[in-house]
2 protein chains.
Amino acid sequence: MLTVLEPEVCCAPLASAAVPAEAAADLAASFKALGDPVRLQLMSMIASADGGEACVCDLTPAFDLTGPTISHHLKVLREAGLVESDRRGTWVWYRANRTRLAALSALLAIGAPTA
Amino acid sequence: MLTVLEPEVCCAPLASAAVPAEAAADLAASFKALGDPVRLQLMSMIASADGGEACVCDLTPAFDLTGPTISHHLKVLREAGLVESDRRGTWVWYRANRTRLAALSALLAIGAPTA
DNA sequence: CCCCTAGGTTGACAGATTTCGAAGCAGGCG
DNA sequence: CGCCTGCTTCGAAATCTGTCAACCTAGGGG
């Protein structure tokens, strides 16, 4: 059974083979994190940011939400392994974990129906 | 519930441009549906099933959950536009919406950092 | 027509999520 | 040192979710 201890998630495309239960728990956690409009936008803003990094100070004012709330959503993304943060002087910068995104993308990639 | 207006969801890869708020809500709904281990496994079992279809009667016994609970999860996947169902005599068959999966996969596909 | 099986619907409830305001910590500036 | 600003953590309220037991519906036999 594939261990989830690996930094890279695992697994052949959804449509190729059933995802084992342990892996499902790990992968579902990442999808769950993306399953909120605010977090999906945060994720896209970070991933598409100039230089590959975005400052919280630029993210927060883009939403009609308080600072603590944005901070909470960023924490969820962090704990899901989708972003990494890094304090640099006064500001905190976030960047996307592209390896993780690629793994999720590959999982959903489709092939022809099996049969 | 949230009906998907467009057959194809939209949007360039996450890392290419920020996802607009409206699209984010629609897309996040699909990720949210995948954000549960049981649903992710159901999705993979359906998508990888022989002939591209799976009968509920084969899905239910694969989990330590009651029928109503599986039925609920399948409903969530259906409402997220990820699967379609089809009664055929006594049994109900589910198949994956590959177009939708492809759209989600494309969204998470990564390119080089912008800049 | 009656009943049996496969699934879906309803109602209920414990536990998780989203969101906020208030308070805390870290770094820079006067 | 003292204080401001940026971000995170804490505590609390409203809402949403996962799950089950109980009940209902559709099809296929006796």
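B:Phe31 is buried, at 0% relative accessibility. Buried means under 20% relative accessible area, exposed means over 50%, and partly exposed lies in between, with a 1.4 Å probe and protein chains only. A:Phe31 is buried too, with a relative accessible area of 0%. This is a predicted model, in which local features need pLDDT of at least 70, side-chain atom pairs count only at pLDDT 80 or more, and totals for chains, interfaces and linings use all residues. Residues are numbered from 1 along each chain as its sequence is written, chains are lettered from A and ligands numbered from 1 in the order in which they are written, and side-chain values use heavy atoms, with hydrogens and water left out.

How many aromatic pairs does a search of the whole structure find? Over all chains, the search finds 1. A:Phe31 and B:Phe31 form this pair, and it is stacked. The centres are 6.0 Å apart, with 10° between the planes. Rings of Phe, Tyr and Trp (its six-membered ring) pair if their centres lie within 6.5 Å; planes under 30 degrees apart count as stacked, over 60 as edge-to-face and the rest as tilted. A:Phe31 lies in helix α1 (residues 21-34) of chain A and B:Phe31 in helix α1 (residues 21-34) of chain B, so the pair joins two chains. Helices (H or I, at least four residues) and strands (E, at least two) are DSSP runs, numbered from the N terminus.

Now the two chains as a whole. The same surface serves both copies: 100% of the contact residues of chain A (heavy atoms within 4.5 Å) recur in chain B.

Next, the strands of chain B. Strand β1 (residues 53-55) runs antiparallel to strand β3 (residues 91-96), joined by 3 bridges. Two strands pair if DSSP finds at least two bridges between them. B:Cys55 has B:Trp93 in β3(B) as its bridge partner. Strand β2 (residues 83-88) of chain B also pairs with β3(B), in the antiparallel sense, over 6 bridges. There, B:Ser85 is partnered by B:Tyr94. β2(B) and β3(B) form a hairpin with 2 residues between them. B:Gly89 in the turn has a positive phi of about 70°.
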